[in-house]
Amino acid sequence: MTVDSADHRLRRARRVTLLSLATNVWTTVLLPAVGLAREPDPVRVTLGVIGLLLFTVAQFGVLHAAVTPWLPAPARRRRHVALAVAALLSLPLLGPVAAGSWPTWAWLGASLVGMTPLLFRPAVGAVAVTGVLAACATVTALTGGPLPRALLVTGAVGAGVAALTWIQVWFWDLLVEARQGQAAQTRLAGAEERLRFARDVHDLLGHDLTVIALKAELAERLAPVDAARAAREAAEARRLAGTALTRVRAAVHGYRAVDLAEQAAAVGEVLRSSGVRTTVVPPAGEVPQPIAADLAAVLREAGTNVLRHSRAGWCRIEITREDGAVTLTVRNDGVRDDDGPDRLSGGLRGLADRLAPAGGRLRADAADGVFSLVATVPVAS
């Protein structure tokens, strides 16, 4: 899966999912520790501790991989192999611990069964569960423990943990797919806009270029026999070329024209889709195009900063025009006083340089957990 690892909302959900999965792990990993406490042989205790630590570290590696979709496939496979090796080593290291008095390895087997939704498809998972139950039965028989009790622990408890694990990972996968869908929708909108522009340009130029080509061809044929008419045809071709150029420039200007209110609304929608409560106060009237274009660039950078440099819960975007100036103010929470984008960062410095020719100013401050970005550009009354 391809997702943005810098997505703050996704990262928060990932941490919650990982913590929830870790809770399931501890319920089955701590219980083998009871067997270690009951084991009188210090050598077996030492070996058991080593086996349990190896298994726990490998298990957390697999859990981390399950909620890290941007992890490369080779790294994911290495973690799965590490868990398989740790599980095999646990048989001689933990199997004899508290033999006959506590089903130590059976609890570890339950943890393995609970991990199957993260490792295998259902058909292969069923085979893996059968193998874990067989290993549990073998260890129990060799150590003289009660077989029904051990199989009940591994099978029943493991099935419960597996169900919880599957539900948690299922919800995580749904969230990842939703975020991927939002990203795909954004890319599709951009592609559709480019196609619309290409169609418009084709409609504008297709006919004119065809006529110009015919006029030029006619002028070429007439040049040896009727120079005056050839000159007229060439002049007509030049006139048509100039007209076509004017129409294309007008079309491009229309695409470049910026509606600052629409830009603010679009940035607000992006922030809301990322879980940030956003209030947008549009300008009361029209903003001149050059100023609107400059402030739109500031607005886009500000929206990016909210997502990248903060854990914002709210954001307010306000555009006002008064006292001969247009002011864009973007404020958001979720930053420390020394956090947020550097006031001298490349993005903000570039925006300040862009506003400078028009007499504009850019100010960025962080105080009391709130970051403020204020851009002011003078405008003629």
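Me: Is the crossing of H2 and H4 left-handed or right-handed?

Reply: H2 and H4 cross in the left-handed sense, a label given when the near helix is turned anticlockwise from the far one by less than a right angle, clockwise being right-handed. This is a predicted model, in which local features need pLDDT of at least 70 and side-chain atom pairs count only at pLDDT 80 or more, while totals for chains, interfaces and linings use all residues. Residues are numbered from 1 along each chain as its sequence is written, and side-chain values use heavy atoms, leaving out hydrogens and water.

Me: At what angle do H2 and H4 pack?

Reply: Helices here are DSSP runs (H or I, at least four residues; strands are E, at least two), numbered from the N terminus, and axes are lines fitted to C-alpha atoms, for helices over the stretch in contact, with angles from 0 to 180 degrees between N-to-C directions. For H2 and H4 the angle is about 20°, and their axes lie 11 Å apart. H2 is therefore roughly parallel to H4 (under 35 degrees; over 145 is roughly antiparallel, 65 to 115 roughly perpendicular, the rest oblique).

Me: Which residues in H2 and H4 meet?

Reply: A contact requires heavy atoms within 4.5 Å. From H2 come Leu 52, Phe 55, Gln 59, Val 62, Leu 63 and Ala 66, which meet Leu 108, Ser 111, Leu 112, Met 115, Leu 118 and Leu 119 of H4. By class, this H2 and H4 contact has 10 nonpolar, two polar and no charged residues (Ala, Val, Leu, Ile, Met, Phe, Trp, Tyr, Cys and Pro are nonpolar; Asp, Glu, Lys and Arg are charged; the others, Gly among them, are polar).

Me: How do the axes of H3 and H4 cross?

Reply: The axes of H3 (residues 73-94) and H4 come within 11 Å and cross at roughly 165°, so H3 runs roughly antiparallel to H4. Their crossing is left-handed, and the contact residues include Leu 83, Ala 87 and Leu 91 of H3 together with Trp 105, Leu 108 and Leu 112 of H4. In this contact of H3 with H4, 10 residues are nonpolar, three are polar and none is charged.

Me: And where do H2 and H3 stand, in distance and angle?

Reply: The axes of H2 (residues 42-66) and H3 come within 8 Å and cross at roughly 160°, which means that H2 is roughly antiparallel to H3. The crossing of H2 and H3 is left-handed, and their contact has 15 nonpolar, six polar and three charged residues.

Me: What volume does the second largest pocket have, and which elements line it?

Reply: On a 1 Å grid over the protein atoms alone, a cavity is a set of points where a 1.4 Å probe fits but cannot get out, whereas a pocket is an open set with protein on both sides within 12 Å along at least five of seven lines; lining residues have an atom within 4 Å of a point. Points are joined across faces, edges and corners, and a volume is the space filled by probe spheres set on them. The second largest pocket has a volume of about 390 Å³, and H3, H4 and H5 each supply at least two residues of its lining, with the largest share, six residues, coming from H3. Of its 15 lining residues, Ala 84, Ala 87, Leu 112, Phe 120 and Val 132 lie nearest the centre.
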